[in-house]
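Please read the following account alongside the sequence and the coordinates.

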Amino acid sequence: MRRADPAERERLGALFSELCRIESPSGLEGACAERVGAELRELGLEVEEDAAGEAVGGDSGNLLARVPGAPDAPWVLMCAHLDTVAPTAPIEPVVVAGGWENAHDGILGADNKSAVAALLVLARRYVAETPAVGLELLFTVGEEDALAGVKELDVSRLRSQFGYVFDHASPIGEVVVASPSYHRVQAEFHGAAAHAGIRPEDGRSAISAAAHAIAKMPLGRLDPETTANVGLIEGGSGGNVVPERCRLLGEARSLDASRAERAVQAMIDALHDGAGAAECDLDVSSQCLFHGYRTEPGAPAIRAAEAALRACGYQPRHIVTGGGSDANALEAGGLTCVNLANGTERNHEPTERVSVTALEGALDVALALPDAAAAIIAG
């Protein structure tokens, strides 16, 4: 295994900075996808774009490119997502105290452009040096929107025996072995408007209904594997009007699918209680947006990841996470896929950061994976 050389590290930093500057919130990944596609085509690779953009209402589909290995070599998938959460400030990447940050008060986009840049540098090396396994490079859209893009991918098109995403904001060395099922709960209360100071008894407060419901809900960490949250509540038209409508958005997730379902049912029961208490009508829906998975610690994909990490000087550590990634959807489609920590910090926050050491370390791990995977597959 040969770690990134100075030229590759320099290219990694330049690509990362350039990609971060291209704003690509979910649904608007087109400009970033165009830049990534151009980089891959410059290397002589064919780039396939699927119809995910059209399906999810975005301006780009998922991109797939292949770097062939030796004749009859097995294939391994490497995946990163092109979208970010919505930026709230211009993105100007700068290096401060050994780490990349946004010069403005807003996200950097290291989630997940650190991985996108690393995979592009990896592709450049292995186009020139035939990898030990064939590499399928997948760049997805809509990941931040409950994995919307990758859920439209026809997984049967892939040739890989297993795959990796580089999308956990924690120290390099952590290997995700379990990820939760995620349910979204939406509710709208319908009451009756009335003047709050003259005829309040004629009104039926939708906000009171929602407040009663939330007070009844089990929220926060319900057990070591299960969480529930109400993240949005909006309604009303003015302080002097009994509110006629109120909308609520919540979620429940768990590493145990049955516990997630029970948490959702508890939220729905509380919503009906709230509607009844305030004499309001209720429209409520819930949907499982992605399913959880567990990977056996001794699975080939895990053992290959551990070997690559050790080759780069990292001690592998198995973790479970409360977050989802494209790995959830790929697993649901039948492909074993491991989510690896990429060393980024405070993703989705204005103080998002990735150290230069972590950015380059993640590249080293990606470069080590083909040899490690080939050795494990060969037995």
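Phe16 and Trp100 are both buried in this predicted model. Their rings form an aromatic pair in the edge-to-face arrangement, with 5.6 Å from centre to centre and 75° between the planes. Phe16 belongs to helix 1 (residues 6-21), whereas Trp100 belongs to strand 5 (residues 99-102), so the pair ties together parts that lie 84 residues apart in sequence.

The count of aromatic pairs comes to three. Another of them joins Phe162 and Tyr164, again edge-to-face, at 5.9 Å centre to centre and with 85° between the planes. Are the two partners buried or exposed? Phe162 has a relative accessibility of 4%, and because the cut-off for a buried residue is under 20%, Phe162 counts as buried. Tyr164 is buried as well, its relative accessible area being 0%.

A ring also takes part in a contact with a charge. The charged end of Arg159 is placed over the ring of Trp75, at 5.2 Å from the centre of that ring.

Attention may now turn to the helices. Helix 4 (residues 110-128) has 19 residues, which at 1.5 Å a residue should span 27 Å. How many of the residues of helix 4 are buried? The number is 16 of the 19, and helix 4 is therefore largely enclosed by the rest of the structure.

Helix 2 (residues 30-42) contains Val36. This residue, Val36, is buried, with a relative accessible area of 0%. Between the C-alpha atoms of Val36 and Glu296 there is a separation of 33 Å, the two residues being 260 residues apart along the chain.

There remains the matter of open space. Rolling a probe the size of a water molecule over the atoms shows where empty space is left. The largest pocket holds about 450 Å³ of space. Among the elements, strand 7 (162-168) and strand 9 (181-190) are those that give two or more residues to the lining of this pocket. Which residues lie nearest the centre of the largest pocket? They are Glu143, Glu144, Gly323, Gly324 and His348, out of a lining of 21 residues.

Terms used: Residues numbered from 1 in each chain as written. Predicted model: local features only at pLDDT ≥ 70, side-chain atom pairs only at ≥ 80, totals over all residues. Heavy atoms only, no water. 1 Å grid on protein atoms, 1.4 Å probe; cavity = no way out; pocket = protein on both sides within 12 Å on 5 of 7 lines; lining within 4 Å. Points joined across faces, edges and corners; volume = space filled by probe spheres on them. Helix = DSSP H or I, 4+ residues; strand = E, 2+ residues; numbered from the N terminus. Phe/Tyr/Trp six-rings, centres within 6.5 Å; stacked < 30°, edge-to-face > 60°. Buried < 20%, exposed > 50% of the residue type's maximum accessible area, 1.4 Å probe, protein only. Lys NZ or Arg CZ within 6 Å of the ring centre and 35° of its normal. Expected span 1.5 Å × (residues − 1).
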